[in-house]
Amino acid sequence: MTTDYNGIAAEYRRAKLHPWRQHIEMFMLSELVGDLSGMRVLDLACGEGFHTRMLRYRGAAQVMGVDISAAMVALANEQESKRPLGIDYIRCDVRELALAKQFDLVFASYLLNYAESADDLSLMCQVVADHLKPGGRFIGINSNPDYSGELLSMRPYGFTRDPAPTEEGMPFSYRFFLPGDQMVAITNYHLSRQTHEQAFKQAGLTELQWLEVQVSPAAQADYLPGYWDAFIQYKPVVCFQSHRIS
């Protein structure tokens, strides 16, 4: 049931244009990333480079993006050709990644929600730890395992998310609605917050923090009062950060 992004790469890139991506996702991640001047950064599940380019703009000296989808990597390289930033993109399943180098920061936007079991999640976290320098940070955004909304709760923001499953490893779907009556669906898997915390700890990733949804000041000024309330209340996604043990 794993999503094949090779068939939906262009459509999913368009889904990144929904306002919440800029005013919540990008805003929170930019605040969390901070100044990356001189750092080496690894972006896992980079897709077409939406966040990878942001990491370079934040001052990183070296950025590498990794994604399992050949079509996504092709879109990322297309953008790199049009506007070179010195980013290297490679196609690889994160579970199999072994670069024999370490980074100051590992970034993952919607990677961990593809783990289908506790063991699968532990493997992903171990790969992250293996590519982090001692004391380095692991940060990102993920499907919130504690999502409390119903199917249509997020429809005003351009997508729907199935209610959170009750069993570990159960699949659930996002559906992103695009202009022209198009829709793209992706499958994620539910693992509890406790399972995530155990996987981080086993991999030597400490000080795990879950960060509450925040809306950019610009969005709060530009949209009607109450527009973002459901997103803040139900929390479909969650940011996190942790450190590798020194």
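Reader: What makes the largest pocket a pocket, and what is its volume?

Author: The volume is about 500 Å³ in this predicted model. On a 1 Å grid over the protein atoms alone, a pocket is an open set of points with protein on both sides within 12 Å along at least five of seven lines. Grid points are joined across faces, edges and corners, and the volume is the space filled by probe spheres set on the points.

Reader: Which residues lie closest to the centre of the largest pocket?

Author: Tyr5, Ala45, Asp67, Ile68 and Tyr114, out of 31 lining residues. A lining residue has an atom within 4 Å of a point. Helix H3 (50–57) and strand E2 (62–67) each supply at least two of the lining residues. Helices (H or I, at least four residues) and strands (E, at least two) are DSSP runs, numbered from the N terminus.

Reader: How do you know which lining residues of the largest pocket are nonpolar, polar or charged?

Author: Ala, Val, Leu, Ile, Met, Phe, Trp, Tyr, Cys and Pro count as nonpolar; Asp, Glu, Lys and Arg as charged; the others, Gly among them, as polar. By that rule the lining has 14 nonpolar, 8 polar and 9 charged residues.

Reader: What supplies the largest share of the lining of the second largest pocket?

Author: H3 does, with 4 residues. Among the lining residues are Phe50, Arg53, Met54 and Tyr57. The space is about 230 Å³.

Reader: Why is a space called a cavity, and how many are there of 30 Å³ or more?

Author: In a cavity a 1.4 Å probe fits but cannot get out. The count is 2. Of its 13 lining residues, Tyr12, Tyr110, Tyr174, Phe176 and Ile186 are the closest to its centre. H2, strand E7 (171–178) and strand E8 (182–189) each supply at least two residues of that lining. The second largest cavity has about 70 Å³.

Reader: What makes E7 and E8 a pair?

Author: Two strands pair if DSSP finds at least two bridges between them. E7 and E8 have 8, in the antiparallel sense, so they pair. Serine 173 stands opposite threonine 187 in E8. The two strands form a hairpin with 3 residues between them, and glycine 180 in the turn has a positive phi of about 80 degrees.

Reader: Why is alanine 100 called exposed?

Author: Exposed means over 50% relative accessible area, buried under 20%, partly exposed in between (1.4 Å probe, protein chains only). Alanine 100 has 83%, so it counts as exposed. It sits in the loop between strand E3 (88–91) and strand E4 (103–109). Most residues other than glycine have a negative phi.

Reader: What makes a set of residues a nonpolar core?

Author: The members are buried Ala, Val, Leu, Ile, Met, Phe, Trp, Tyr and Cys residues, joined through side-chain atoms within 4.5 Å. The largest such core has 81 residues, and Trp20 and Phe176 are among those that touch the most other members. Helix H2 (residues 19–33) gives the largest share, 8 residues.

Reader: How are the residues numbered, and which atoms and confidence limits apply?

Author: Numbering runs from 1 along each chain as its sequence is written, and side-chain values use heavy atoms, with hydrogens and water left out. Local features need pLDDT of at least 70, side-chain atom pairs count only at pLDDT 80 or more, and totals for chains, interfaces and linings use all residues.
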